[in-house]
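User: I am new to reading protein models. Could you take me through one, feature by feature?

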Amino acid sequence: MDLRLEGVSKRFGDVLAVDRLDLTIEEGEFFTLLGPSGCGKTTILRIVAGFETPDTGRVVFDADDITDRSPQRRGFGMVFQNYALFPHLSVFENVAFGLRARRLPADQLRERVARALALVHLDRFGDRRVQQLSGGQQQRIALARALAIEPPLLLLDEPLSNLDATLRERTRTELRLLLKEIGITALFVTHDQEEAFDLSDRVAVLREGRLRQVGTPHELYKRPADRFVAGFVGKATLLTGLLEQHEADVLVRLDSGAAWRACETAGQAIGQRVEVVVRPEELELSRVPDSASDLTGKVIDVRYLGSFTSYRVELPDGQLIEVAAPAGRADEGEEVGLHPTPDTRLHALPLREP
Ligand code: ATP
């Protein structure tokens, strides 16, 4: 029961909210749409739910074209940012809502509600009013309501964004464990990269209605398809250089002269100018720069962040580069050398993008 979007576009006046989107979400997968505000994530989710009709393209679920099917007949579970619970109804009635619409016999209905509440660990809260619950509990009720109908697909639109930071992280962990336990297929929308990485099997990165890359969190971080993905998914500095082959190694000869190891996948671009993506944890600092293999720069900012320290280094051309390293490696104002950690192979992007 996979979900496929084929050539889906949606325009609102002058805005092309979704631009020829092709996407397949596999059965049992936790799949996330990630991108900045306005990139079309919610519109895609609404198209999948059946609240919007695409201008072009098809939505296919379990080999059926459901593009023109009503939201009710699709029967997907939905959880929204604002929970959309009924404040005047009890927790039980909120969770039972979708089941009543399906005219389930009373005993089955009670059993399904109880099971859904047990899944979110709120089995003793059935009689409470929704207003008597905390934000995190309300979010779990919204999830229970969506799960009670035993949907073949669960749609989640920024469901954690109303929670404070601590609760958000805890609820995120619970959500991940719960959905994996049920094995449900889920399509999740967020603009928060950390949340996307924590929860997802695969992530689609979108910008201005267009798909930029689909991959596992690891693939997106280590092999971003372009500058936008590199910068949106974690911190990155881009350094320009020329790709060279040295025996078994592909090296990038930086404009400063230092030669650093690049991924073997860059090998096909030998002799070409590229940009390499450098992540903060891929670099080391040294107080005594090696003029042949190091980039040199001046530490302009040192921030102790607990598990690591963040050093901002200004290169001679004014470019800033961030290094995550143990505390005490350098002080503000100090001239330092930078080089990759021994096992780092840098990811290279073509220098000019369309
Ligand atoms: P956010 O993270 O801010 O919710 P998003 O990525 O979910 O953003 P969408 O809500 O899908 O983005 O919106 C995509 C674009 O389409 C935006 O420019 C938005 O203003 C526009 N848009 C969405 N819905 C409508 C509508 N009903 N009428 C007009 N424009 C719309």
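User: How many bridges join β3 to strand β9?

Analyst: First, the ground rules. This is a predicted model: local features need pLDDT of at least 70, side-chain atom pairs count only at pLDDT 80 or more, and totals for chains, interfaces and linings use all residues. Residues are numbered from 1 along each chain as its sequence is written, and side-chain values use heavy atoms, with hydrogens and water left out.

Now the idea. Strands of a sheet pair through backbone hydrogen bonds, either parallel or antiparallel. Here, four bridges join β3 to β9 (residues 202-207), and the two run parallel. F31 stands opposite R202 in β9. Two strands count as paired if DSSP finds at least two bridges between them. Strands (E, at least two residues) and helices (H or I, at least four) are DSSP runs, numbered from the N terminus.

User: Over how many bridges do β3 and β8 pair?

Analyst: Five, in the parallel sense. T32 stands opposite F188 in β8, and L34 stands opposite T190.

User: What is the strand order in the open sheet?

Analyst: Its six strands run β6-β7-β8-β3-β9-β10, with mixed pairing. β6 (77-79) and β10 (210-215) are at the edges with a single partner strand each, so one side of each has no neighbour in the sheet.

User: Which way do the residues of β3 point?

Analyst: In a regular strand the side chains alternate between the two faces of the sheet. In β3, F30, T32 and L34 point one way, while F31 and L33 point the other way. Buried means under 20% relative accessible area, exposed over 50%, and partly exposed in between (1.4 Å probe, protein chains only). Five of the five residues of β3 are buried, so the strand is largely enclosed by the rest of the structure.

User: Which residues of helix α6 are buried?

Analyst: An α-helix has 3.6 residues a turn, so residues three or four places apart point the same way. In α6, the buried residues are R168, T171, R172, L175, L178 and L179. They cover an arc of only 140° around the axis, which puts them on the same side of α6. That arc is taken from the directions from the helix axis to the C-beta atoms. On the other side, T166, L177 and E181 are exposed.

User: What do the buried residues of α6 pack against?

Analyst: Their partners include β3 (30-34), β8 (185-190) and α5 (135-148). Contact means heavy atoms within 4.5 Å.

User: What follows α6?

Analyst: G183, whose phi is positive, near 75°.
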